[in-house]
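Keep the structure open while you read.

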Amino acid sequence: MSVDVPRRIVLLRHAKADWPQVSDHDRPLADRGRKDAPVAGRWLAGAGISPELTLCSTAVRTRETWKLVAPELPRRPRTVYEERLYEASLGELIALVNEVDDEIRNLMLVGHNPGVHALADALAGDAEGDSLARMNRSGYPTSSIAVLSLTGDWKSVEHGVATLAAFWSPHEA
């Protein structure tokens with residue numbers, strides 16, 4: 001496959017979670033999260049974003065978020081529930097992206113902060129409009145989405161290789 005193949009990484013932070021007396025991994029979505037997640041899915045569909053593969057953390061809140069986002073998309077991508085996304089560091093997230101098969105052109109990660117924000121910030125060597133400033137000013141709230149575009153193979157994804165094409169948050173003014 002050519003190294004000039006256009007690719008896209010979509011980073012979705014899980015929707016707002018509740019804080020019941022359960023382990024962090026088992027925290028479910030709060031009411032606001034159940035309302036925001038489908039809105040995020042509709043934004044993705046409206047932006048013409050249709051991932052081929054979604055890697056989703058195994059945490060309850062990320063799985064619930066994905067189950068509310070996916071039906072809003074024009075077609076459901078293959079989904080892999082990936083334990084390594086839970087509490088992943090920036091380096092671990094880049095390593096996961098580096099493992100993706102080069103047949104995949106549009107990848108989505110459904111994960112957690114601070115990891116998804118760190119990954120978006122690290123990969124964004126450039127940005128369209130004020131998307132990078134908005135992302136960093138907002139702190140990457142729950143249900144937020146960063147869309148990064150790049151060329152090359154997944155194994156070569158590293159700091160600064162992508163352009164932050166869009167940043168969306170459900171509660172932006």
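The report below covers salt bridges, helices and some backbone details.

## Ground rules

This is a predicted model, so local features need pLDDT of at least 70 and side-chain atom pairs count only at pLDDT 80 or more, while totals for chains, interfaces and linings use all residues. Residues are numbered from 1 along each chain as its sequence is written, and side-chain values use heavy atoms, with hydrogens and water left out.

## Salt bridges

The structure holds 9 salt bridges. The term means a side-chain nitrogen of Lys or Arg within 4 Å of a carboxyl oxygen of Asp or Glu. The table lists some of them.

| Pair | Closest N and O atoms |
|---|---|
| Asp24 and Arg27 | 3.1 Å |
| Asp31 and Arg34 | 2.4 Å |
| Arg42 and Glu72 | 3.5 Å |

How exposed are these residues?

Asp24 is partly exposed, at 30% relative accessible area. Arg27 is buried, at 7%. A network of salt bridges links Asp24, Arg27 and Arg61.

Next come Asp31 and Arg34. Asp31 is exposed, with a relative accessible area of 52%. Arg34 is partly exposed, at 41%. Both residues lie in helix α1 (residues 31-46). They sit 3 residues apart, about one turn of the helix. An α-helix has 3.6 residues a turn, so residues three or four places apart point the same way.

The last pair in the table is Arg42 and Glu72. Their salt bridge has closest N and O atoms 3.5 Å apart. It links distant parts of the chain, with the two residues 30 residues apart. Arg42 is in helix α1, and Glu72 is in the loop between α2 (60-69) and β3 (78-82). Arg42 is partly exposed, with a relative accessible area of 44%. Glu72 is partly exposed too, at 28%.

## Helix α1

Helices and strands are DSSP runs, numbered from the N terminus: H or I for helices, at least four residues, and E for strands, at least two. Helix α1 has 16 residues. From its first C-alpha to its last, α1 reaches 24 Å, close to the 22 Å expected at 1.5 Å a residue. The expected span is 1.5 Å times one less than the number of residues.

Which residues of α1 are buried? They are Gly33, Asp36, Ala37, Pro38, Ala40, Gly41 and Leu44. Their cover includes β1 (6-13), α2, β4 (106-111), β6 (145-151) and β7 (162-168). Just after α1, Gly48 takes a positive phi of about 75 degrees.

## Helices α4 and α5

Helix α4 (residues 115-123) packs against helix α5 (residues 131-138). The angle is about 155 degrees, and the axes are 11 Å apart. Axes are lines fitted to C-alpha atoms, for helices over the stretch in contact, and angles run from 0 to 180 degrees between N-to-C directions. Therefore α4 and α5 are roughly antiparallel to each other. That label is for angles over 145 degrees; under 35 counts as roughly parallel, 65 to 115 as roughly perpendicular and the rest as oblique.

Which residues meet between α4 and α5? His117, Ala120 and Asp121 in α4 meet Leu132, Met135 and Asn136 in α5. Contact means heavy atoms within 4.5 Å.

Arg134 also lies in helix α5. Arg134 touches Phe167 and Glu172, not counting residues up to four places away in sequence. Arg134 and Phe167 are 33 residues apart in sequence, and 7.4 Å apart in space, C-alpha to C-alpha.

## Backbone details

Now look at the loops. Pro114 is in the loop between β4 and α4. The peptide bond from Asn113 to Pro114 is cis, with omega near 10 degrees.

Tyr140 is in the loop between α5 and β6. Tyr140 is not a glycine, yet its phi is positive, about 65 degrees. Tyr140 is buried, at 0% relative accessibility.

Ser143 is also found in the loop between α5 and β6. Ser143 has a positive phi of about 70 degrees although it is not a glycine. Ser143 is buried, with a relative accessible area of 1%.

How values were computed
Buried < 20%, exposed > 50% of the residue type's maximum accessible area, 1.4 Å probe, protein only.
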